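Please open the model in your viewer and display the side chains.

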Amino acid sequence: QVQLVESGGGLVQAGGSLRLSCAASGRTFSSYAMGWFRQAPGKEREFVAAIPQRGGNTLYTDSVKGRFTISRDNAENSVFLQMNSLKPEDTAVYYCAADRLLRNGGVSVSHFPHDYDYWGQGTQVTVFS
C-alpha cells in the first residue's frame, strides 16, 4: 500500500558524508516505524538503523554507532540517514523499510528484516579509499 523511494546515494571518498532520503506515499507515514538496511554483493541484508513511530528510541547496529544518524520528518513523509565518516565497508545498496506494527506502544523498533512490511528500491552507496 505504501511506496518508498530512496535517494541520495552515490560515490564518496572514505571519511566523507552522505545523506540518504526516503520519501513515503500517503498520509499515514507517522503510523510506521522506519528502518534502514543495507546489502553488499554476496552478503545478507543487514540492519543499519531504525526509528519508531513515537519517541526518540532510535536503534543502530554497532558498526555505525557514532557515525550515522537516523531521523524522520512526518510532515514531509520522509526518513533520513545521515552518514558521516564513511568507510569502504559501508559500501552497499541501502534500503529504507516501513514497519506497520506498534511495538511497545510505538516507542520501540525491530532490527529484523522480516518485521518490515514495505521496502524501497534501494540506493547505491560506494565508499572508496
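**A tour of the aromatic rings**

Begin by selecting Y32 and Y118, both of which are buried. The model in view is a predicted one.

The structure holds five aromatic pairs. Y32 and Y118 form one of them, an edge-to-face pair with 6.1 Å from centre to centre and 75° between the planes. Colour the chain by secondary structure to see what this pair links: Y32 belongs to the loop between strand 3 (18-24) and strand 4 (33-39), whereas Y118 belongs to strand 10 (residues 118-119). These are distant parts of the chain, 86 residues apart.

Next, select F37 and F47. Their rings also form an edge-to-face pair, with centres 5.6 Å apart and planes at 75°. F37 lies in strand 4 and F47 in strand 5 (residues 46-51), so the pair ties together parts that are 10 residues apart in sequence.

Are F37 and F47 buried or exposed? F37 has a relative accessible area of 0% and F47 one of 9%. Buried means under 20%, so F37 is buried and F47 is buried as well.

Over which rings does the charged end of R45 sit? One is the ring of Y95, with the charged end 3.9 Å from its centre. Another is the ring of W119, where the distance to the centre is 4.8 Å.

Notes:
Residues numbered from 1 in each chain as written. Predicted model: local features only at pLDDT ≥ 70, side-chain atom pairs only at ≥ 80, totals over all residues. Heavy atoms only, no water. Phe/Tyr/Trp six-rings, centres within 6.5 Å; stacked < 30°, edge-to-face > 60°. Helix = DSSP H or I, 4+ residues; strand = E, 2+ residues; numbered from the N terminus. Buried < 20%, exposed > 50% of the residue type's maximum accessible area, 1.4 Å probe, protein only. Lys NZ or Arg CZ within 6 Å of the ring centre and 35° of its normal.
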